[in-house]
Amino acid sequence: MSLTIRRARPSEASLVLAFIRELAEYEKLSHEVEATEAMIAQALFGDDPRLYCAIAEWEGEPAGFAVWFLNFSTFSGRHGIYLEDLYVRPSHRGRGLGKALLVYLARECVENGWSRLQWAVLDWNAPSIAFYKSLGAVMMDDWTLCRVAGPALAKLAGKAS
């Protein structure tokens, strides 16, 4: 069987968006997807891209993806990768594609001298948590993810309508 991990191509913004929508459906968050194909294309392939995407292909067919960006640890003084999305289509699960995508990102970190690979997982997603732990991931239970968005973001910025 043939597995390939490669960077997304500029012509694949619609494929990336399709993966995003599939992931959102799996996470029961489809109502939160606001992204458009044009927005994804600009973020990944615009003049100054700060977002990156790898596509996993099985037998030449797109089967999964990883979307990430660089973060920075002031403690280590080095960049790292923040994995925003990791998704493998249900028909392709159990073949090692998720692990292959994480290995790809780990190699990016090591080859670039970056200090870590980090991501979040929904607390109800027991299969993913078990999978990540099997790869050596540590659940950061002593940290709480924070987010300010929508009207609260506008208010914090002093731009409330």
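Ala, Val, Leu, Ile, Met, Phe, Trp, Tyr, Cys and Pro count here as nonpolar, Asp, Glu, Lys and Arg as charged, and the others, Gly among them, as polar. By that division, the lining of the largest pocket holds 31 nonpolar, six polar and ten charged residues. The structure is a predicted model. Its largest pocket has a volume of about 1,700 Å³, and the second largest pocket has a volume of about 890 Å³.

**Largest pocket**

- The lining of the largest pocket is made up of 47 residues.
- Nearest the centre of this pocket lie Leu23, Glu27, Glu84, Asp85 and Leu86.
- Two or more lining residues come from each of the helices α1 (13-26), α2 (37-45), α3 (97-112) and α4 (126-134), and from each of the strands β3 (61-73) and β4 (78-88).
- Strand β4 gives the largest share of this lining, with seven residues.

**Second largest pocket**

- The second largest pocket is lined by 22 residues.
- Gln118, Trp119, Ala120, Met140 and Trp143 are the lining residues that lie nearest the centre of the second largest pocket.
- The elements giving two or more residues to this lining are β3, β5 (117-119) and α4.
- Strand β5 supplies the largest share of it, three residues.
- By class, the lining of the second largest pocket divides into 15 nonpolar, four polar and three charged residues.

Conventions. Residues are numbered from 1 along each chain as its sequence is written. This is a predicted model: local features need pLDDT of at least 70, side-chain atom pairs count only at pLDDT 80 or more; totals for chains, interfaces and linings use all residues. Side-chain values use heavy atoms; hydrogens and water are left out. On a 1 Å grid over the protein atoms alone, a cavity is a set of points where a 1.4 Å probe fits but cannot get out, and a pocket is an open set with protein on both sides within 12 Å along at least five of seven lines; lining residues have an atom within 4 Å of a point. Grid points are joined across faces, edges and corners, and a volume is the space filled by probe spheres set on the points. Helices (H or I, at least four residues) and strands (E, at least two) are DSSP runs, numbered from the N terminus.
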